[in-house]
Each structure stands twice: as C-alpha cells, then as structure tokens.
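Here is a short report on a surface patch and a pocket. Look over the sequence and the fold, then read on.

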Amino acid sequence: MSISGSPRAERAPKAPLPLPDDIPPLANPAVRDRFAQFGSIYRWLLLFAMLTGSMGTLLAATTINVALPAIIGAFGLGQDQAQWMSTAFLASSTIAMLANAWAMSNHGPRFTYIFAMLMFVAGSLLGAVSSSLALLILARAMQGVAAGLIQPMSMFLIFQTFPDHQRGTAIGIFSIGVVLAPAFGPALGGVAVDLASWRLVFVATVPLAIVALGAAYFLMPEADPEQQAERRPLDWVGLGLLTIGIVSLLSGFAGGNRDGWDSDLSLIKFTLGAVVLVGFILWELRHPHPALNPAIFKYRQFWSAGMIIAATGIAIYGSTYLIPLFVQLVQGYSPTAAGVMMIPAGLAMVIGFPIAGNLTDKVDARLLLGFGIICFTLSAWFLSHISMLTPYWPLVWMIVLSRVGISFCMPPANTTAVRAAPPHLLAAATGGASFLMQVGGAFGVNLLAILLQRRLIFHGDHLAAGLNEANPQLAYEHFQHAQQYEVAGMPPMPAFQTAFGEFGKQISAEASVFAFRDCFLVIAIWFMLVMFILTLMPRPNLQARPAPPAVRPAETSGTA
C-alpha cells in the first residue's frame, strides 16, 4: 500500500464529467461514456475527427486525376489502362459501403475507423512506391475500401451525438467540408506533381489521415454491447458476387479495345459479369440480412430517382476525369493550372447544395431536377465545342455551370429516393442511393475512357487518310517545314524526312480535340435523355415530414 503524501501515492481516479442534458435519447452507452469523459464539447471534437478523415479520403479520390498524364507517360499506359486508377477507387468504395453496417455492429465505430484509416495510409504509401500498374491499382483499391467504410459512419455518429436542434448545423459543417475536398483535390494534386512527381500525390493526404487516426483513438466510441451481443453475420456471399460481377464487367469494357470486343476473353468477362450479377440479385432476395436490399427497388419513386442518381454519378465523375486530361494533354496546361481550374466549380457546389436542399422541401423536386439537368446538359454541349485555343476562363465557367447543374440534381434526387422508402427500409434506401451514385461513377469513368481511346484512333485514321501526294496543301506545308529545318542548319535529306513528323504531331493534336469533343457530346446527349426519366417520377408530397429517427449501426449503410 502506498504511503500517503509520498511521490508514489496513488491518485484517485478522475471523476466523470456530468452528462449534458441534450444527449440524444438513443445514444448508446459507449457514446455516453465519451460524453462523461470529455463533456459537452465531445460532439464537436468528434465532428472534427470525422471531417478530417473524410476530407483525407475524398481528397485522394480526386487528386489522382491531374496526375494521370504524368503516370501515363511514366508507365506508357493507354486510356483503357489508366482509367483503372479512378475506377478501382470507386468500385472498391462502393462495395465497402455495404459492409459498413456489419463492421460497426460487430466491431464498433472506433475499431472500424482506425482499421479504415490504417488501410488508407498503407494504400497511400504503396501507391507512392509502386513500380507497376498492378500495384497502383491495388493501392487505389485500398484507398477506396477505406473511403467506403468511413463515409456512412459519419451520418450515424452525428445522429448519435447531436440533439435535434444542432444536427442541421453539424450536417451542414460536415457537408461543406466533404464538398470542398473534391474541389481542392485536383489543385493539391497539381501542386504535388509540379513540386515533385506523381508519387507525391499518393502521400499528400497522409498527414490528414494521421491526424484523424490520433483523434479517433481518443474520441471514437467503442462498440455498443447490445449490438456486439447480436453478432449479426456479414453477407459475404452477396458481397463476393457483387465484387465479381462489377469487376468482370469493368474489366470486359476496359479490355475490349485490346482483346477485341468479340474475342473469347471479352465474351467470357461479359457473360460472367452478367450471370454473377443475376445470381447476386437472386441471393439478396432470399438472404435475411442482404448487403443491398432489393425491396427498395419496387417503389417507383425510388428507382426513378435512382436512375437520375446513377446518371449524376456518371456525369460528375466522368467529367472530373476528362477535363484535367484535356487541359494538360491538349492545351498544355500545367498540373497546377488544371487543378486550380476546378476550384470555382467546387465553390459553386458549396453554394448550390444548401440552396437546392432547402428548396427540395418547398418546390416540386422534378422542377429542381429539370433545372439541374438543363444546366449540366448545356455545359457538356459547350464543352463539346472546345478547341486547343479555347481560353482558360471560358473553360472555367463551363465547368462551373456543370457543377450548378449537379448541385440541383444530387440533393433533390437523393431526398426523393429516400422519401420513397417506408420506415423499415429507410436505411436500405439511403445505402442504395449511395451505391447507385458510386456504381454510376465507376462505369462512367470506365466507359468514357474507352470511348476516348476509340474516338482518338478513329479520328487519327480519318485525318491521316487525307495525307497523300494529291493534296496540294500537304505539299506546300511540307515544303515550308523542310525549309525551316534547312535554315536551322539541317541537311536537305534529313530536313525533308523530319518535316513529315510535323504532320504526325498535328494529326495527334487534332484527333485528341475531336475525341474529347465526342466524349462531352455523349455526356450531353446522355443527360438530355435523363430528362425523360422525370416523366416517370410521381408527384412529390410536399407536406411537412418528421425527421427520421436516429438509427442503430445495424440499420445503416444499405441494409434492412
């Protein structure tokens, strides 16, 4: 026994702080323990930890886009290969989202969050030292799994820690941070490439992840004992079938140009993907705890709004993939300039999201969706007329117009879809909406990258066909180029041969412009067709609806 007053005297344990009066009634015991430890400021400290981690993972989602030209040059990749670095992130995060509810129920938010952030750091470090495309894709998939596990957790913990009168403020602060991350991600990636190399892009967000890890160790609540006692099983078969189906289809599309669209390998991939996804649907219909509950798709309001959500995912992720490539590969802008170009568009979303969200409860959502679709379609139409000489700021304003359109599509579409679900399917509808957005983005990037490569080949062959001796313009320009080389000191014969190389550069540049134009035109036509989906949506009920009750971890992230 220690002697009183001696240096070794035992200190009395610190008395717990009084619990705030405004703790949400459904806050589990682990959350109440954290309030007893930190007091009423705990909820704001936890919000900071969640926001830091989410921003880190979302920055990683977009920083890679401006680094793609450098990676393509370093590894000698085609567009069908390079797009996997974006597609792998989106596909893996989509699948991980559906495992979030199981992870939080069985292991708790603290373990799940720390595991996800450690995986994110490991993936980032692997990407920075990768020496092959396979390792780069694995690194992006690891980052995507981390993002998928973290994103659904934040909304659950906000409902667990904030009272009704503060949830709007908390969600607003969190949403602004989440929207700003993709806005500044390309700029951060551009600065990293210009300062060092594309490898720095992978570790640029690691400091945020380390801060989030340190904060999560002290702030994240442990598992709810009641939830742990239930030990809900994970739908491993459903997730496995979904993974095989999505990866098979994405791989089939990505390899079609190289392997041949009618080759045995491509047909096997497409057939396998289609059969496995049908098997996934049949399995989910019979599973007691499905990863993605098919019951939500029987409501017309959900699946009609869900089609718009998927189309929006194609549009926002596809355009974010194409624009940095165009301004760097065609117009010759630096990675930093390409990234900074996206900042005004992100700020437009910060302003547009709350406006659209507020109007959704007061105005027919179909009107907001129609306005958003028109804005994005016009932006894509303008982008389908760009050239190598299109000035910087007109391009910026075209992108801003597209983000205004996205701002008036995402909140109304998500709100409309979730409102379609009865109370017992509320969490399933929320997870299903997120799933459709991510899947749309994954396939959008995949298909647009393939279209870009095919149209590049098509226009290159078409332009090259006009280069023949019967073309007087060709003969005149060849003579001009050869003469310039001779004036510079090159012998006549090498000058004559080298002059032909100038035509190859011009053909490549013009073919690239036409190919990017075709991609933006396809996006414009696609979004124009989405307008017809509005005729399928039922008239919304604008009566005041009570806020949904706080949900338990087992009810979140797309499970019933």
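Helices (H or I, at least four residues) and strands (E, at least two) are DSSP runs, numbered from the N terminus. Trp 381 is found in helix α16. The model is predicted: local features need pLDDT of at least 70, side-chain atom pairs count only at pLDDT 80 or more, and totals for chains, interfaces and linings use all residues. Residues are numbered from 1 along each chain as its sequence is written, and side-chain values use heavy atoms, with hydrogens and water left out.

Is Trp 381 buried, exposed or partly exposed? Trp 381 counts as partly exposed because its relative accessibility is 43%; buried means under 20% relative accessible area, exposed over 50%, partly exposed in between (1.4 Å probe, protein chains only).

Trp 381 also belongs to a nonpolar surface patch, along with Ile 374, Leu 378, Phe 382, Leu 521, Ile 525, Leu 529 and Phe 532. Together these residues have about 760 Å² of accessible area.

Phe 297, Ala 310, Phe 435, Leu 436 and Val 439 are closest to its centre, out of 22 lining residues.

| Feature | Top contributor |
|---|---|
| Nonpolar patch | α16, 4 residues |
| Lining of the second largest pocket | α19, 5 residues |

A pocket is an open set of points on a 1 Å grid over the protein atoms alone, where a 1.4 Å probe fits, with protein on both sides within 12 Å along at least five of seven lines; lining residues have an atom within 4 Å of a point.

Notes. Patch = residues over 30% accessible without salt bridge, like charges linked within 9 Å, V, L, I, M, F, W, Y side chains within 5 Å. Areas by Shrake-Rupley, 256 points an atom, 1.4 Å probe, with all protein chains shown as cover. Salt bridge = Lys/Arg side-chain N within 4 Å of Asp/Glu carboxyl O.
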